[in-house]
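User: I'd like to learn how to read a structure like this one, feature by feature. Could you walk me through it?

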Amino acid sequence: MINFSNVDFTHQNGVVALRAINLTIDRGEIVAVVGENGAGKTTLVRHMNGLLKPSRGIVTVDGVDTRRRSTAQLSRKVGIAFQNPDHQLFSDTLENEIIFALKNFGFPEETIRQRLDWALNFFGLEQYTKDSPLILSGGEKKRLTLACILAWDPDVIILDEPTVGQDAIQKERLAEVVKMFKSVGKTVVIVSHDVEFIWPLQPRLVIMSAGRVVGDGPARDLMRDRGLLESARVTQPQLVQIHAELKASNSHPFVDTLEARKYITDMVKR
Amino acid sequence: MHWVAGGFVFRRVESPFHKLDPRTKLLISLEFFAISLLAFAIIQVAIVLASVLFVAVYAKSLKRIGRTILMSAGFAGFIFAINLLFGVGLVSSLLYALRFLAIVSSTSIFFVTTSPDELEHTMKWLGVPRDIVFAFVTAVRFIPVIMLDAFQIMDAQKSRGLELEKGNFVKRIRNMVPILVPLVVNSVVRSGELAEAMESRAYGATPKPTSLYKLRLSRKDKSVMLVSLLFFAAVLYIYLRVKVPV
Ligand SMILES: Nc1ncnc2c1ncn2[C@@H]1O[C@H](COP(=O)(O)OP(=O)(O)OP(=O)(O)O)[C@@H](O)[C@H]1O
Ligand SMILES: [Mg+2]
C-alpha cells in the first residue's frame, strides 16, 4: 500500500529529518509511530500523501511514485488529520467544513449528503450543524477535523497526535473508531506519544529516533524492550510495567500481558 | 513560495559585516540609499549597485540580497514600462527602474544583516518610544511565524483535496479563501494571546525597565564608519563635479 525505499529527507534549512527509511505498510495494518520530539514522525507521515517528496529514495502509494501525483490527488486515498485544527477550519458552518473535501473530489450530491449525515452523527456534532466551527471547544474542533477526513472514506487514515486535548471518553471512542477501521480493512497510521492509548490497539509499532526507524514490530514485543524504548524516550505502558514487575517477583499468574487486565480486574473484585 | 518566504527570515551568518554595530550598518545603508537616490546617470546607478553587491559579498549575503533584487525586478519592470508609456525617454526610464533596484538593495543591506534584537536596540537608541519599538520588532519577528502558519494551512487544505496549482485566475483566487481565513483568524487569536501573556509577565509595570545590552562602538566600527563616510563624500563630489552623459 505505502512503501518507503531508502528515503532520506533534508529540510530546506539543512536539518536532516529522515535517514535511510525502509518501510512497507500493507493494507489493513494498524501502525503506531512513536519516538522523541523531533524524531521525524510528522515528517514521515507527510511523505505518505506527497506533501513532502523524498530528497533521496522513493515513496510509493499503491505502486505510484508520490512525485508523479499532486497531494490533492493522493489525498483521495490517504487522508491525514493534522494536529492543529486551527490550521484548517475556515467555513461558515460545520456542514460546509465537512463537505469541502467531498466537493473537491467531485462526489455526487447524494453521496455527499449521506456522508455528511454519517460524519456529524458519528462524531456527535449534529447539534452544531449550522454553527461556525470557530465556536467549538478545542476537543470538538479536533473531532471535527477527524470528521472532515473520514467523511470521504480514504483507504489509509493517518492521525497525527489524535488524543491531544481529548477527554477520557473521547479517547475511548477514538480507540473504538480505530478498531472499527481495522475491522473493515482500512489502514491506519497513528502518530502519538500516548502509549496508554496505543497499547490496547495492539498495533504494529514503528519506533523512530533521530530520523531513523530504530524498531519495527508488534507492540506486544517491542513494548517490553526497555532499552529500546528509553533510547527513543518512549514510556512503557503501565500494564507492561506491572507485568514485568510481577514477573520479576516470581509471582506472575499470567503469561501474557493482555491477561494482566483480566487478572487485575479479578483482583479488584476479590 | 518557500523561496520567497525565506527572504523575510533573518538568519544569523558569521561574517565580519554582521559583527559590526547595527548603527554602523545603518549608516552604510543610509549612505547607499542617499547615493542611489541622487544618482542621475545610468553609469552612476550601476556603480552604486555594484558597490552594494560588493558589500553583500563581504557580508556573505549575496544570495539574500540577490533574491530581494529579483523579487523587486518585477516592480522595476513596471516602473520602466509606465515611464516609457508616458513618453519618458528610454534611457531615463531605465534609469528610474535601476534606481529603484539600487534603493531597494541598499536598504535591504541593513535589514538582511541586522537581527531583530539589534533592530530593537537601534530603535531605542534613536529614541523611538518603547511601545512603538516593541510593536515594530514583534511585527518583524512574526513575519516568519505567519509564513510558517500559511504553509501549514496550505498543507492541511491540499490534504483535503484542494488543488492550489491548477485552474484559471478566478479559481485560484477562490482557492485562497480556505488558506486566508484560518491565517487571519490565527493571527488575530495569536495577537490576543500575546497581549495577555505579556501582561501576565508584567509588561509595562515600570516606566523604565532594565536593559541588559548596551550598544558599543568598537574601534573597528569607528574605522568602518570613517571609511564609508569618506567613500560617501567622494561619491557626492563626483556627482557634483564630474559630468557624465545621462
Ligand atoms: N518546516 C521545517 N523546516 C525545517 N526543519 C523542520 C521543519 N519541520 C520539522 N523540522 C525539523 O525536522 C525534524 C523532525 O521534525 P518532525 O516534526 O518530523 O518531528 P516529530 O517526530 O513529529 O516531533 P514531535 O513529537 O515533536 O511532533 C526536527 O528536528 C525539526 O526541527
Ligand atoms: Mg510531530
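User: Which residue stands opposite A:Phe9 in β2(A)?

Analyst: Strands of a sheet pair through backbone hydrogen bonds, either parallel or antiparallel. In this predicted model, A:Phe9 stands opposite A:Leu18 of β2(A). The pairing of β1 (residues 2-10) of chain A with β2(A) is antiparallel and runs over six bridges.

User: What is the order of the strands in that open sheet of chain A?

Analyst: The order is β2-β1-β4-β5, four strands with antiparallel pairing. The edges are taken by β2 (16-25) and β5 (64-65) of chain A; each has a single partner strand, so one side of each is left without a neighbour in the sheet.

User: Now a parallel case, please. Which strands pair with β8(A) in the parallel sense?

Analyst: Strand β3 (residues 30-35) of chain A runs parallel to β8(A) and is joined to it by four bridges. Strand β7 (residues 156-160) of chain A also pairs with β8(A) in the parallel sense, over five bridges.

User: Let me try a helix. How many residues of α7(B) are buried?

Analyst: Seven of the 10 residues in helix α7 (residues 116-125) of chain B are buried, so this helix is also largely enclosed by the rest of the structure. Among them are B:Pro116, B:Leu119, B:His121 and B:Met123. The buried residues of α7(B) pack against α2 (16-19), α3 (22-38), α6 (90-113) and α8 (130-158) of chain B. Just after the helix, B:Gly127 has a positive phi of about 85°.

User: How much area do chain A and chain B bury between them?

Analyst: The size of an interface is often given as the accessible area lost when the parts come together. Here chain A and chain B bury about 1900 Å², with 56% of it on carbon and sulfur atoms. On the chain A side, A:His87, A:Phe90 and A:Phe100 lose the most area to chain B, together 32% of what that side buries. The contact involves 24 residues from chain A and 20 residues from chain B.

User: How many polar contacts and salt bridges cross that interface?

Analyst: The rule finds 12 residue pairs in polar contact and two salt bridges between the chains. Helices α2 (71-75), α3 (94-104) and α5 (138-150) of chain A each supply at least two residues of the side that touches chain B. By class, that side of chain A has 12 nonpolar, nine polar and three charged residues.

User: How should I read a salt bridge in context? Where does the pair of B:Asp155 and A:Arg46 sit?

Analyst: Side chains of opposite charge can pair when their charged atoms come close. The side chains of B:Asp155 and A:Arg46 meet at 2.5 Å, N to O. This pair crosses between chains, from helix α8 of chain B to helix α1 (residues 41-46) of chain A. B:Asp155 is buried, with a relative accessible area of 13%, and A:Arg46 also counts as buried at 13%.

User: Is A:Lys130 buried or exposed, and what does it pair with?

Analyst: A:Lys130 is exposed, with a relative accessible area of 60%. The partner of A:Lys130 in a salt bridge is A:Glu95, with the closest N and O atoms 3.0 Å apart. The pair links distant parts of the chain, 35 residues apart: A:Lys130 lies in the loop between α4 (109-122) and α5 of chain A, A:Glu95 in helix α3 of chain A. A:Glu95 counts as partly exposed at 21%.

User: What about a salt bridge within chain B, such as that of B:Arg23?

Analyst: B:Arg23 forms a salt bridge with B:Asp21, the closest N and O atoms being 2.9 Å apart, and both residues are buried. Salt bridges can share partners as well: A:Arg27, A:Asp62 and A:Lys77 are joined into one network that way. A search of the whole structure finds 19 salt bridges over all chains.

Conventions. Residues numbered from 1 in each chain as written. Chains lettered and ligands numbered in written order. Predicted model: local features only at pLDDT ≥ 70, side-chain atom pairs only at ≥ 80, totals over all residues. Heavy atoms only, no water. Buried < 20%, exposed > 50% of the residue type's maximum accessible area, 1.4 Å probe, protein only. Contact = heavy atoms within 4.5 Å. Pairing = 2+ DSSP bridges. Buried area = accessible area lost by both parts, 1.4 Å probe. Salt bridge = Lys/Arg side-chain N within 4 Å of Asp/Glu carboxyl O. Polar contact = N/O pair within 3.5 Å; in protein donor to acceptor, adjacent residues only side chain to side chain. Nonpolar A, V, L, I, M, F, W, Y, C, P; charged D, E, K, R; others polar.
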